[in-house]
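The structure is shown first.

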Amino acid sequence: TNSAVATTGCWSAGRGNPCAPNLARAMPGPPLHSLVKYDTPSLLSIKEKKAPKAAKGGKKLPPVEGKPQLTQTEDILNSILPPREWTDEGQLWVQYVSSTPATRLDVINLQELLDQRLLQRQARETGICPVREELYAQCFDELIRQVTINCAERGLLLLRVRDEIRMTIAAYQTLYESSIAFGMRKALQAEQGKADMEAKIKQLEAEKKDLERQVQELKAKAEAIEKREGERRALEEKKHAEEVQFLKRTNAQLKKELETYLAPTKK
């Protein structure tokens, strides 16, 4: 058997176990400090993780370390909170969640430990904070563990509530990320559209200036044409008036001569 044996209800290797001094020297610490209460880690070999091969004659090899039969509560706890496994110096360690019922003092200690971890890791009190989210998730898992030990059905219902909350948060996170991406795309499109509009405005302003220049040229040309036509019209009117006067004088002279010819001759 291995030197490290799991002890139910221990927060660390040196609490509530007669073999704590030896375990403290031989057993490494868990890879992650969690608010969930775990048993003392157990040492397993790498071969134990795989299914043992059948020996000749159809007999199975005995396991390296005999494990006690899990109760229904422990089985439910392991399904809700899977055991932690890590390798240290080529040795495989496993740590199962504790099945020890929690007391009122444990709940008070959990609350104090939660506040302590929040201060140590400098979690933000408001807004989005991954550290605060992680610590409160561990605290909720520990509460689920405590409730499951007393009533498995209530623990499973709390697990269902926890999973639903996590799915809702994940959905909101996905929606937030998609909205951020949509906003970024719209901002880029707006910037690109702004540059295009500025270029178009400059082009239109240049066209406007060119059209205004053309208008000024056409106005000057129209004024010149109008002036020239006015002078020509005045000249033609003067010439026409002179012709009319000439014709009137000619007519009067001819009329006088005609009257002279037609008048009776005096004897």
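## Basis of the description

Axes are lines fitted to C-alpha atoms, for helices over the stretch in contact, and angles run from 0 to 180 degrees between N-to-C directions. Helices (H or I, at least four residues) and strands (E, at least two) are DSSP runs, numbered from the N terminus.

The model is predicted: local features need pLDDT of at least 70 and side-chain atom pairs pLDDT 80 or more, while totals for chains, interfaces and linings use all residues. Residues are numbered from 1 along each chain as its sequence is written, and side-chain values use heavy atoms, with hydrogens and water left out.

## Overall fold

The protein chain has 5 helices and 3 strands, in the sequence order α-β-α-β-β-α-α-α. Of its 267 residues, 22% are buried (under 20% relative accessible area with a 1.4 Å probe, protein chains only; exposed is over 50%, partly exposed in between).

Contact means heavy atoms within 4.5 Å. Among contacts in the protein chain with a separation of 6 or more, 67% join residues 24 or more positions apart.

## Helices α3 and α4

The axes of α3 and α4 come within 10 Å and cross at roughly 170 degrees. The two helices are therefore roughly antiparallel (angles over 145 degrees; under 35 is roughly parallel, 65 to 115 roughly perpendicular, the rest oblique).

From α3, Val107, Leu110, Leu114, Arg117 and Leu118 meet Arg132, Leu135, Tyr136, Cys139, Glu142, Leu143 and Gln146 of α4. This contact has 8 nonpolar, 1 polar and 3 charged residues. Ala, Val, Leu, Ile, Met, Phe, Trp, Tyr, Cys and Pro count as nonpolar, Asp, Glu, Lys and Arg as charged, and the others, Gly among them, as polar.

## Helices α4 and α5

Helix α4 (residues 130–150) and helix α5 (residues 152–262) have axes that come within 6 Å and cross at roughly 160 degrees, which makes α4 roughly antiparallel to α5. Residues in the contact include Phe140, Ile144 and Val147 of α4, and Leu158, Leu159 and Ile169 of α5. By class, the contact of α4 with α5 has 8 nonpolar, 3 polar and 5 charged residues.

## Ser99

Ser99 lies in the loop between β3 (91–95) and α3 (104–120). Ser99 is buried, at a relative accessible area of 17%. Its side chain makes a polar contact with the side chain of Glu74 at 3.4 Å (a pair of N or O atoms within 3.5 Å; within protein, one must be able to donate a hydrogen and the other to accept it, and residues adjacent in sequence count only if both atoms are side-chain atoms). Arg145 is 46 residues from Ser99 in sequence and 7.8 Å away in space, C-alpha to C-alpha.
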